[in-house]
Amino acid sequence: MSAPELPLEVTVAEAADMRAKGAAIVDVREPWEFDQGHIEDALLIPLKSLPQRVAEVPRDRPVVINCHHGGRSMQAVNYLRQQGFGNVTNMEGGIDRWSLEIDPSIARY
């Protein structure tokens, strides 16, 4: 297995920059949370369904994983790295911090 290509975690500002440059966003929250607000074009794969849906995670570009505050997304990053993904990173602070620093139109909950 090769070394990871991305740091384990990035700030929301770094995640926004990565997204602007073509990185995929994978949201591992539950559907009801996603419906509260999400990053545009994010792919919803709830954490509990990640093992069954791992093939949907892009391998051809960087992937930023997010959840509410960063805990579940870090679990997802660790799982995906164990599956050989070096192109995944956790968005520190989750959608809550994204709402505070990047897009205040996303409701906080």
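**Helix packing and sheet order in the predicted model**

The buried residues of helix α1 (residues 12-20) are Val12, Ala15 and Met18. Buried denotes under 20% relative accessible area, with exposed over 50% and partly exposed in between (1.4 Å probe, protein chains only). Because these residues cover an arc of only 115 degrees around the axis, they sit on the same side of α1. The arc is that of the directions from the helix axis to the C-beta atoms. The buried residues of α1 pack against β1, β4, β5 and α5 (94-101). Contact requires heavy atoms within 4.5 Å. Glycine 22 follows α1 and has a positive phi, near 110 degrees.

The model is predicted: local features need pLDDT of at least 70, side-chain atom pairs count only at pLDDT 80 or more, and totals for chains, interfaces and linings use all residues. Residues are numbered from 1 along each chain as its sequence is written, and side-chain values use heavy atoms, with hydrogens and water left out. Helices (H or I, at least four residues) and strands (E, at least two) are DSSP runs, numbered from the N terminus.

The axes of α1 and α5 come within 10 Å and cross at roughly 85 degrees. Helix α1 is therefore roughly perpendicular to α5, a term for angles of 65 to 115 degrees; under 35 counts as roughly parallel, over 145 as roughly antiparallel and the rest as oblique. On the α1 side, the contact is made by Val12, Ala15, Ala16 and Arg19; α5 contributes Gly94, Arg97, Trp98 and Glu101. Four residues of this contact are nonpolar, one is polar and three are charged. Ala, Val, Leu, Ile, Met, Phe, Trp, Tyr, Cys and Pro count as nonpolar, Asp, Glu, Lys and Arg as charged, and the others, Gly among them, as polar. Axes are lines fitted to C-alpha atoms, for helices over the stretch in contact, and angles run from 0 to 180 degrees between N-to-C directions.

Five strands form an open sheet in the order β1-β5-β4-β2-β3, with parallel pairing. Strands β1 (9-10) and β3 (43-44) are the edges, each pairing on one side only. Pairing requires at least two DSSP bridges between two strands. Four bridges join β2 (residues 24-27) to β4 (residues 63-66). Isoleucine 25 stands opposite valine 64 in β4. Helix α4 (residues 71-82) lies across β1, β4 and β5 (88-91), at about 170 degrees to β5.

Arginine 29 lies in the loop between β2 and α2 (31-36). Arginine 29 is buried, with a relative accessible area of 0%. Beyond four places in sequence, its contacts include Phe34, Asn66, Arg72, Ile95 and Tyr109.
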